[in-house]
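Here's a quick tour of one model, written for someone who likes cut-offs spelled out. Have the viewer open while you read.

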Amino acid sequence: MKTLLSKQWEDHPMLKRFEQKIDQWAYPAQQRLLALNFAPLRYLISMALTQAIPKALPKELESLQKRYDNLLKKDLENVQSGYYPRALLYQIPLLDYLPRIPQLMGDMLNIVHRARNKRHDDLPATIQHKNYPAYYTRNFHWQSDGYFSQHSAQVYDASVELLFLGTADVMRRQTIPAITRYIQQRNQTEPGLTPPQLSLLDVACGTGRSILQIATAHPSLEYTGLDLSPDYLQEARHVLSTVDKVSLIEANAEAIPMSAEQVDIVSCVYLFHELPRDVRRQILAEMFRVLKPGGLLVLTDSCQLSDSPDIAETLARFPQEYHEPYYKDYLRDDLAQALFQTGFTPPDISLHYISKLFVARKPD
């Protein structure tokens, strides 16, 4: 009885309205406090890597601020629309991140030295290069060890939140509304279907942050995370320890070790800008192959020049600061056309701060 009453109180309209009022103040305040704390470190890192004072055009700063405000507004709207739970607004693992910031900053001398000497090949000597594609065996972002150590995996999420001023998780979870709508549609068109019968593959899952957020909204899905780094998968096992149905696969996304038409949903976050153009096409073909007919693809990556001329200088500056050898080509790559040529339906595209979301389906 107590559980039932508690549930009824949680769903009470008056409580919902009260929570919404609180969130409209507390959530933006939380995010702006994060940005305020991260901005000085982010500024110092940029200055150290480029040996120049970072500058941005006033109009560009205005565009970035508007995009930032719209992202926070959209995040709140998604919760109010029931696309994902309110808990995600406040799911910031500061207790995990804060101890790792000194670890990350303590490594900055190595990162700056590596950047100034263009040592993108500075990697652990134990790497078996024959097991990895050439485009992967480099230290993206000048980070120590590339994707080949536990140190790298442990500081990665904190470093990305620092880079994006506390919006990395916010941008990641903009994939969830499309997933929620897809599940609702499947349940309406197939009355006997229940969520446990649906499966999701996260390509290049890294430390598992995207899966964790999606699983918070949809705990009954069956999750598979695929990544090429054994160290990042080890960290993902820790991050995803509370997710019931999840398996992790160490493999190259160019040849996903799954049979055709095996999964209902494929997600992918921040992979494509680190790939050569032909590899992007190959991975799209693999995603298409493993999706069931009618299956959903949600793909998030950086904005591109075609849709974001207002922040062109910011986008151009990113590969100058960090080692991102394929980013300039990515900025001009027509991924919508690539998706269509692969066989997907014409994608719905939306912008979220400095990220871009593609939502497409494999035709029935």
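This is a predicted model: local features need pLDDT of at least 70, side-chain atom pairs count only at pLDDT 80 or more; totals for chains, interfaces and linings use all residues.

## Ground rules

Residues are numbered from 1 along each chain as its sequence is written, and side-chain values use heavy atoms, with hydrogens and water left out.

## The nonpolar core

The largest nonpolar core has 109 residues. A nonpolar core here is a set of buried Ala, Val, Leu, Ile, Met, Phe, Trp, Tyr and Cys residues joined through side-chain atoms within 4.5 Å. Buried means under 20% relative accessible area, exposed over 50%, and partly exposed in between, with a 1.4 Å probe and protein chains only. The residues with the most contacts inside this core are L201, V203, V266, F272 and M287. Helix α7 (residues 150-163) gives the most to the core, with seven residues. Helices (H or I, at least four residues) and strands (E, at least two) are DSSP runs, numbered from the N terminus.

Not counting residues up to four places away in sequence, M287 touches V203, I256, V266, C268, F272, L297 and F344, where contact means heavy atoms within 4.5 Å.

## How α7 meets α11

Follow α7 to helix α11 (residues 230-239): the two axes come within 8 Å and cross at roughly 55°. That makes α7 oblique to α11. The axes are lines fitted to C-alpha atoms, for helices over the stretch in contact, and angles run from 0 to 180 degrees between N-to-C directions. For the angle classes, under 35 degrees counts as roughly parallel, over 145 as roughly antiparallel, 65 to 115 as roughly perpendicular and the rest as oblique. The crossing is right-handed; a crossing is left-handed if the near helix is turned anticlockwise from the far one by less than a right angle, and right-handed if clockwise.

On the α7 side, Q150, S152, A153, Q154 and Y156 meet D231, Y232, Q234 and E235 of α11. Which residues of α11 are buried? They are D231, Y232, L233, E235, A236 and V239. These buried residues pack against α5 (100-106), α7, α10 (209-217), β2 (222-227) and β3 (246-250).

Helix α3 (residues 58-80) packs with α2 at an angle of about 140°, their axes 11 Å apart. α2 passes α3 in a right-handed crossing.

Q31 sits in helix α2 (residues 13-50). Is Q31 buried or exposed? Q31 counts as buried, at 1% relative accessibility. Leaving aside its neighbours within four places in sequence, Q31 is in contact with Y68, L72, L89, I92, G166 and V170.

## Two positive phi values

Most residues other than glycine have a negative phi. H141, in the loop between α6 (108-116) and α7, has a phi near 70°. H141 counts as buried at 16% relative accessibility. L165, in the loop between α7 and α8 (168-172), has a phi near 55°, and L165 is partly exposed at 22%.

S302 lies in strand β5 (residues 291-302) and is buried, with a relative accessible area of 8%. S302 and F272 are 30 residues apart along the chain, with their C-alpha atoms separated by 8.7 Å. Beyond its neighbours within four places in sequence, S302 has contacts that include Y270, L315, Y327 and Y330.

L94, in helix α4 (residues 94-97), is partly exposed at 34% relative accessible area. Outside four places in sequence, L94 is in contact with L34 and P99.

## Cysteines

A disulfide is a pair of cysteine sulfur atoms within 2.5 Å, and by this rule the count comes to zero. C205 is buried at 6% relative accessible area, and C268 is buried at 1%.
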